[in-house]
Amino acid sequence: MECLRVKLYTPTGIFKNPLSIKGIEVYPLPPYSTVIGFIYRAMGRKWQGEHFQISIQGDYEAIYRDYVWFKKYNFKDKELEKLPLQVPILYNLKLLIHIRAEEDLVREIENALKAPKELLFLSGGEYPVKIEEVKRVFCEKRRIPEDDAVKLKYNAYLPTHCLRNISTTDKGVLFNLSYFYENLQKPKVYSWIDVYYFQKGTVIYGDIIFDEDKNPVFLTYSLKETPVKPKSEEYVRFYASNWLVASACVGVLKVLENHGEDIEKFVEEKTLKIPLSLWGSIPEIYADYLIGDIELAKNVLEIAYKQKKKKEDFNPYNTLIYSKLNDFHSNSPFTNQAHEYIRRLKGVYSEDTHEVLKLVKESFLEAYQKFLGSGKETSSLCYFCHEREAKNFVDATTFTPLFASLETVRNFIWDPIPVCKECEFLLYFTAVGFYKSAKKYLFVYIPDDLLETYRLNLVFSMEEEIEQEKLGRMWKVIEHILKIEEQKSRWILQNIYFVEIEMVGDAKANIYSFHISPTLAKAIRSLIYKYPKNLQSIFFDFLFYIYTGRSLYEFLLYFLSGFTKKDTYKNLDANTIESRIVQAGRNSEYIGKNLLFFINFQEVLNMNEPKNYINWAFWAGRELKELYSQNENTRKKLEPLTYRLLEAVRRKDKEYFIHNLIRAYLEVEKEIPYIFKEALEDKNFSMIAYSFIIGLNSEKRNKEGHIEENDEG
Ligand SMILES: [Zn+2]
């Protein structure tokens, strides 16, 4: 057989799915639909229903994480809102693509790629794609015995039907990828295809197609072979292929385990399959879970009732159900206060708790019936399961505050997401899947393994005495991740995420996601206990900086600016991270050697072995301060000197920094210490400059007159 082989190169690639922007999930290679779209743009025409087979392989040099601005339009306030999100970007990406099609179509694609009709980009890429080769190649299937097994030279997608006759040494990672459209009319719906992703180096054997240069080719099925999805009569299936569904599945598993079910049998890789009979009683099981233990419920109701001045303001439904769901679903059939089945419980209280709970449960089940009965014609398949017919679009009524209303604030999600009844009800379990701590919710997501994701999230809720509350729990999870490090492929490790949701209002939540790299884990493990005790007020801001990969030098710049320019920030409103850090600096009466913690931490992250430079520069600063303090004339000059040095580091202007140092040392008739020669090197500049500035402003003694030198913790 003949295939068209195409080689592409792009300096950067980001391959997202429609939920990526809320949780930053990306693919290690472009999904089929991205490459197909690329080909049609080259041809300068729209897809007209034709089909071809395609094989996608590729390699990248590195993944780095960078901020990308996502924009959404706020219809209500008529303004464009922007959200910075950290995304993994594939750097120096090479793609090897094989296409098999009818001769006419192959010719059209070949001509188009040799002379594209427009500048071509791959999804989120910033740079045009370079087409390095377009060539017809002869391909044939060969049987490779186990003894002659071959190693993959590229990372590859292997469609599941290929794996029937191919064996591999590795398990691979299952992805469900968008493929061709299913229809020509709007709204267009993708068809989806299950593939396993294998990393280069994986050993394979069996019936493999090779091109004439010995590249294996893993074509998608041809139209004739289109697999018919087995209609499962006994199970309702959900696919945890993004953090949102995963957290909902974890919620369901928690509820079922609490109900006494053996949950392991409901999970296969990242699929949750619930027997139909059990699914039928899940609303009732969920209601029992939310209401909880009867003794506890009795107490909670009693306290809530006593607290109400006006007894008609008391509502047992709100106390037991609403309070647990409203952070995620404040406007839903289960929470909206306008519903009759919620209103009718106003002021209902009785010593007989059983009676009250019965009424609450009835209301919940009525809400479920109402939910089942609502819906609209969408003529689309559900985005989440690709299996059942969608009856709604995910929007504010299902999911406030996480999903904004399409009428007021257009979502970060680019299209309305069609959802079936089953998946929509599943989303109501996210509130249980997340771990709640004060006004924050936390979830850890492992892309390839739902059961592992479930277990890892349970670690959060274990009730143990832990010193630094959140970090303690977090640390347990990190430790766990480090333990599974050996079993997981690199791609999975790099894509284990923490999703944190911070409630900032009834209808507003901030979503952060972050990732713990091995270097960050190392820095946390070795240094966290040295975190300055006097800076507890900005500990979470520090965590935010390190989790999101922002530089601690920036953190120090804010802190030192606050410290040295106290008057400037007198009226600063401390409600952003940056202003809290500035305020902490402003509130510090003195600074000491323990601030070097941030420099040491950053240098471990930079994989720059902490050098003696940090201490030397600190002491050089301290000595210069003492020399300056010896007479009135120079003492006054200390503050302006600090400003100029901070300005120099802010601008990363090494010459200006050194120039000021030379002047400063001339002032006290001293020679500039030799160590500053090292500061001229890029990788040392911030480290030496900040250590020096901290030394220059540090106090030898604190207020009580204790020597502060050994205060490092
Ligand atoms: Zn669905």
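**View A. Buried residues of helix α3.** In this predicted model, the residues of α3 that are buried are L105, V106, I109, E110, A112 and L113. These residues span an arc of only 165 degrees around the helix axis, which means that they lie on the same side of α3. On the face of α3 turned away from this buried side are the exposed residues D104 and K114. The helix itself runs over residues 103–114, 12 residues in total, and its first and last C-alpha atoms are 16 Å apart, close to the 16 Å expected at 1.5 Å a residue.

**View B. The backbone at H386.** Although H386 is a residue other than glycine, its phi is positive, near 55 degrees. Most residues other than glycine have a negative phi. H386 is found in the loop that runs between helix α10 (353–373) and strand β16 (392–393). With a relative accessible area of 14%, H386 is classed as buried, because that value falls under the 20% cut-off.

**View C. The backbone at K652.** A positive phi, of about 55 degrees, also occurs at K652, which is not a glycine. K652 is placed in the loop between two helices, α24 (638–650) and α25 (654–667). Is this residue, K652, buried or exposed? K652 counts as exposed, because its relative accessibility of 64% is over the 50% cut-off.

Technical notes
Residues numbered from 1 in each chain as written. Predicted model: local features only at pLDDT ≥ 70, side-chain atom pairs only at ≥ 80, totals over all residues. Heavy atoms only, no water. Helix = DSSP H or I, 4+ residues; strand = E, 2+ residues; numbered from the N terminus. Buried < 20%, exposed > 50% of the residue type's maximum accessible area, 1.4 Å probe, protein only. Expected span 1.5 Å × (residues − 1). Arc of directions from axis to C-beta.
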